[in-house]
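Try each task before reading its solution.

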Amino acid sequence: MRRGWREGHERQKGGVKQAGRAGLALLLMLSAGALMGCDRAPAQEERVEQLLPSVRSETVRLAEDESRYQLPGVVRARERAAPAFLHGGVLRDRHVVHGQRVERGEPLAILHNPALAPALAAAEARVRELDANLSRLGRDVERARLLRERNLSAEEELDRLRAEREALAQAREQALAQRDEARAQHDELVLRAPFAAEVTDLKVEPGDFVTAGQPIVQLAGIAEREVAIRVPASLAARLESGQQVSVVPAFGAQRFPGRVAHIGRAGEAMAPVIVVIDATPAPALGEAVRVQLMLNGPSVMQVPLMAVVDPAGSAPYVLALTQDDTVRRVPVTPGRLNGGWVSVSAEALGPDDRVVTAGQGRLEDGMRVRVLP
């Protein structure tokens, strides 16, 4: 009987040991499962990140709207003249030819007027006559003064001679003025260049009769070049004197610096504007050019051209990103392109918003994406 109780007791102890081992094994399995679950969550999240579409983005920026205008014109000399004679007559000689360069004061042509040379000769003779009479009266006055000092002549005689000498001196002054006028008119028979220039046209041939004020030659100064353009009144109001511009030949790629020198008034019509070319050498006279004006306007939003989907279509748009990198479709109206950036207007887009610039092809509105650095 004691042996039976001992055997039962031994069997009971063995069952407890087996139950403890099973519980310990179960606890170890639960702990391992929990550890495996903790390790699996980041891996799953990483796999989810890898499944999101990858895109690149740029930030919307504000920039000044720069408008460019090109206006046609023709290069001309800033100094221009059409010299003419003050008197009529026959063109006797012409000393220049077409295209010749002349310096200031160089004779251009000579006029023959038979009335001016005799008038000068008569004026000079009148001055010489008065000089001789004045010299004679001077001697008479000195002789009368000596006689009066010796009380050999009357005081009235001396006064008469002095008055006659004074009147003759006044007449001489008038004769000198007439002689200078006749000489100046005679000098006008020689037409001279008013400044250093190039002869661009010949108006009269030697032997032709010309009237007073009739142009003889056409001169263009060689110092500076300019271009005359006409701009709308609204555009002229935005120009400033001294503003820098560019002058480009119509059949060339070279650019010449220029500046606005004069802005005319036009009311509601076209306003004349003069642009001076600040370059040496400058374009040739008569060359057709384009004047490029750059005017700054109000600030506009700009996005990269790559961000605009279907920019030439009927419904262009951009894909903007929210804070959690979710795509939202924003319709835009594209404007002027400048250096890879295009100005846009959109109600639901503002500065500092992000827009997708690469990877738009497989995106839809509301889709979440992964933004590459």
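This is a predicted model: local features need pLDDT of at least 70, side-chain atom pairs count only at pLDDT 80 or more; totals for chains, interfaces and linings use all residues.

Residues are numbered from 1 along each chain as its sequence is written, and side-chain values use heavy atoms, leaving out hydrogens and water.

**Exercise 1.** Work out what span is expected for helix 2 and what its buried residues pack against.

Step 1: helices (H or I, at least four residues) and strands (E, at least two) are DSSP runs, numbered from the N terminus. Helix 2 covers 116-149, which is 34 residues.
Step 2: the expected span is 1.5 Å times one less than the number of residues. Helix 2 reaches 50 Å from first C-alpha to last, close to the expected 50 Å.
Step 3: its buried residues (under 20% relative accessible area, 1.4 Å probe, protein chains only) include Leu120, Val127, Leu130 and Leu137. They pack against helix 3 (155-187).
Step 4: just past helix 2, Asn151 has a positive phi of about 65 degrees.

**Exercise 2.** Is Thr326 buried or exposed?

Step 1: find Thr326 in the loop between strand 16 (317-321) and strand 17 (327-331).
Step 2: Thr326 counts as buried because its relative accessibility is 17%.
Step 3: skipping residues up to four places away in sequence, Thr326 touches Ala320, Leu321, Gly366, Met367 and Arg368 (heavy atoms within 4.5 Å).

**Exercise 3.** Which residue in strand 8 does Arg101 stand opposite?

Step 1: strand 5 and strand 8 (197-202) run antiparallel, joined by 2 bridges; pairing takes at least two DSSP bridges.
Step 2: Arg101 faces Glu198.

Methods. Buried means under 20% relative accessible area, exposed over 50%, partly exposed in between (1.4 Å probe, protein chains only).
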